[in-house]
Amino acid sequence: MIRIHILGSAAGGGLPQWNCACVNCVAARAGKIDLQTQSSIAIGAGSKEFQNPWLINASPDLLRQIESTTWLQPGRNASRNTPIAGALLTNADIDHALGLLLLRQQEKPLVVYATDETRTALAWLDRTLARFCGIEWRMVSPDFQQLTGDIGFRAIELPHSVAFQFLEEASGRLTLVAPAVGKFTHELSKAFADSDIILFDGTFWSDHELAAVRAGARSSREMNHLPINDGSFDFLRQSPARRKIYTHINNTNPILMPGSPERTQLDQAGIEIARDGMEIVL
Ligand SMILES: [Zn+2]
Ligand SMILES: [Zn+2]
């Protein structure tokens with residue numbers, strides 16, 4: 001059995017973002033919508049207990065996420081320990097990698113799966129952590145390799161990022177985790193067709209969303225995030241997956257506001273949005 005736990009569902013900055021006064025950030029500060037931490041997912045085997053959970057991306061909110069998630073905390077059988085087996089990185093974005101720096105007190109090297117491109121971009125992190133626990137880099141592969149127990153995983157290469165597909169060997173069922181997608185590729189569409197659960201990049205609703213709060217901001221596509229509208233929505237709507245969930249949602253995205261036309265459009269298409277603490281069992 002594969003268990004997926006959303007540690008953080010927000011894109012870089014979180015909800016609210018410290019310097020943002022957009023409608024959603026104001027609503028979050030007023031307690032009208034729930035705060036969300038930055039994007040990270042834990043995945044592991046087990047029906048009730050998580051066994052050897054892996055992190056998919058490690059956000060700057062990781063310490064807070066560990067303290068609010070009992071099964072990511074150290075066991076009481078030894079003074080220093082962690083159940084966290086390591087991390088898988090989709091790319092080298094700060095909001096996906098900074099959490100690794102916060103794990104520097106780890107006793108053994110941190111095990112991190114990434115592409116060469118990501119590893120090169122994170123040379124600074126590699127150098128900094130070398131003075132602490134260090135990183136044991138492992139290569140991702142387009143073919144399935146064992147992650148833990150009977151869970152296999154593979155990387156689907158995208159422009160400047162990867163998506164991960166997880167296989168539960170006993171049942172043959174597949175889960176797709178794709179929080180950073182700049183372009184819809186042929187490989188990705190194949191994974192859309194055979195995955196039971198899809199967690200997908202929901203950073204922005206529209207391509208020019210950020211320019212409305214910050215003059216001159218890059219477009220969603222320029223930031224390597226396919227927007228939902230005129231982007232990923234139709235792919236998700238038409239996918240046969242049992243559950244389709246947007247995650248890595250930027251604080252400016254109108255889907256965060258219950259009752260908004262954009263949220264209603266997702267509701268009607270049977271597409272969910274991730275929340276911190278959400279758990280999905282395959
Ligand atoms: Zn991100
Ligand atoms: Zn905001």
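This is a predicted model: local features need pLDDT of at least 70, side-chain atom pairs count only at pLDDT 80 or more; totals for chains, interfaces and linings use all residues.
In the model, local features need pLDDT of at least 70, side-chain atom pairs count only at pLDDT 80 or more, and totals for chains, interfaces and linings use all residues. Residues are numbered from 1 along each chain as its sequence is written, chains are lettered from A and ligands numbered from 1 in the order in which they are written, and side-chain values use heavy atoms, without hydrogens and water.

Donors are N, O and S atoms within 2.8 Å of the metal (3.2 Å for Na, K and Ca); water is not among the atoms, so sites may look incomplete.

| Ion | Protein donors | Distance |
|---|---|---|
| zinc ion (ligand 1) | Asp95 (OD), His96 (NE2), His248 (NE2) | 2.0 to 2.2 Å |
| zinc ion (ligand 2) | Cys20 (SG), Cys22 (SG), Cys25 (SG), Asn251 (OD1) | 2.2 to 2.3 Å |

His96 is buried at 0% relative accessibility, and His248 is buried at 2%; buried means under 20% relative accessible area, exposed over 50%, and partly exposed in between (1.4 Å probe, protein chains only).

For the zinc ion (ligand 2), the spacing is C-x1-C-x2-C-x225-N. The angles among its four donor atoms are 102 to 117°, and the site is tetrahedral (four donors with all angles between 85 and 135 degrees). Cys20 is buried, with a relative accessible area of 11%, and Cys22 is buried at 11%.

Methods: Four donors count as tetrahedral if all angles lie between 85 and 135 degrees; four count as square planar and six as octahedral if opposite donors are over 155 degrees apart and all others between 65 and 115; anything else is irregular.
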